[in-house]
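Take a look at the chain below. Then read on for a short tour of its helices and aromatic rings.

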Amino acid sequence: MIAAESIREFRTADIAALFVLACLQSLFTYPFEEVFREYFFLWSILVWVFLVAFGAQLTKRAGSAVILSVMSSILTWGVDDLGVHGWRRLIIFVLSALVFEIVFIILKVDYKNVSFDVIAASALAGASIPLMMILVMSPQVGLNMGYDSVNLSLASLFAGIVGATLSFLLWFELRAEPFVIRYQYLHTRLHHSYFARRWWNFIR
């Protein structure tokens, strides 16, 4: 079942909220690079999945994962958590974000206020990161890794499930807060902003 209600234009508030989440990813990435070291890869996936899932539940808009991934990748441009940095790292996260978007749009399963679609999309997106790393780096890398690539995907799947579950628990606690309700009913759309109008006129 396609979640048509999720395909909506972004408001200025949505872009601002996603930027704040991207800043949080930067905050929870740089200081922990030396703390976790050998587990930094899984930590990065957990944080990324946590924020992507939270952003999707907060904005309720398809495309939030891609926008957040672009923003956070730029803010953490020099981080080498995936074995690469810069543009290649950005591409990996965007491709995995597209996996999230596809599952999020196609699958719509809510049961007793639990968004299983977001949890499933987050888990699969996390598990897809090793595959995207192989595609971006070189298929030969995957052949050389052998079963290690499978183990890495399973570990990434577990990190994705943990991140998505923690994100849902936080969202479940915050969703009824007045500031969240006010945010979700703001009517300031993205195309109402001066910058967005100029950009839209330029690309038309």
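Predicted model: local features only at pLDDT ≥ 70, side-chain atom pairs only at ≥ 80, totals over all residues.

Residues are numbered from 1 along each chain as its sequence is written, and side-chain values use heavy atoms, with hydrogens and water left out.

**Helix H1**

Helices (H or I, at least four residues) are DSSP runs, numbered from the N terminus. Helix H1 spans residues 12–27 and has 16 residues. From first C-alpha to last, H1 reaches 23 Å, close to the 22 Å expected at 1.5 Å a residue. That expected span is 1.5 Å times one less than the number of residues.

Several H1 residues are buried, including Ala-13, Leu-18 and Leu-21. Buried means under 20% relative accessible area, exposed means over 50%, and partly exposed lies in between (1.4 Å probe, protein chains only). The cover over the buried residues of H1 includes H3, H4 and helix H9 (178–184).

**Ser-96**

Is Ser-96 buried or exposed? Ser-96 is buried, because its relative accessible area is 0%. Ser-96 sits in helix H5 (residues 87–106). Contact means heavy atoms within 4.5 Å. Neighbours within four places in sequence aside, Ser-96 touches Trp-48, Ala-125, Ser-128, Ile-129 and Met-132.

**Aromatic pairs**

A pair of aromatic rings is described by the distance of the centres and the angle of the planes. Rings of Phe, Tyr and Trp (its six-membered ring) pair if their centres lie within 6.5 Å; planes under 30 degrees apart count as stacked, over 60 as edge-to-face and the rest as tilted. This rule gives 7 aromatic pairs. The rings of Phe-54 and Trp-171 are edge-to-face, because their planes stand at 85°, with centres 5.9 Å apart. This pair links distant parts of the chain: Phe-54 is in helix H3 (residues 40–59) and Trp-171 in helix H8 (residues 147–174), 117 residues apart.

Trp-77 and Trp-87 also form an edge-to-face pair, at 5.2 Å centre to centre and 85° between the planes. Trp-77 lies in the loop between helix H4 (64–75) and H5, while Trp-87 is in helix H5, 10 residues away.

| Residue | Relative accessible area | Class |
|---|---|---|
| Phe-54 | 10% | buried |
| Trp-171 | 6% | buried |
| Trp-77 | 32% | partly exposed |
| Trp-87 | 61% | exposed |

Elsewhere, Phe-28, Phe-32 and Trp-43 form one aromatic cluster.

How values were computed. Helix = DSSP H or I, 4+ residues; strand = E, 2+ residues; numbered from the N terminus.
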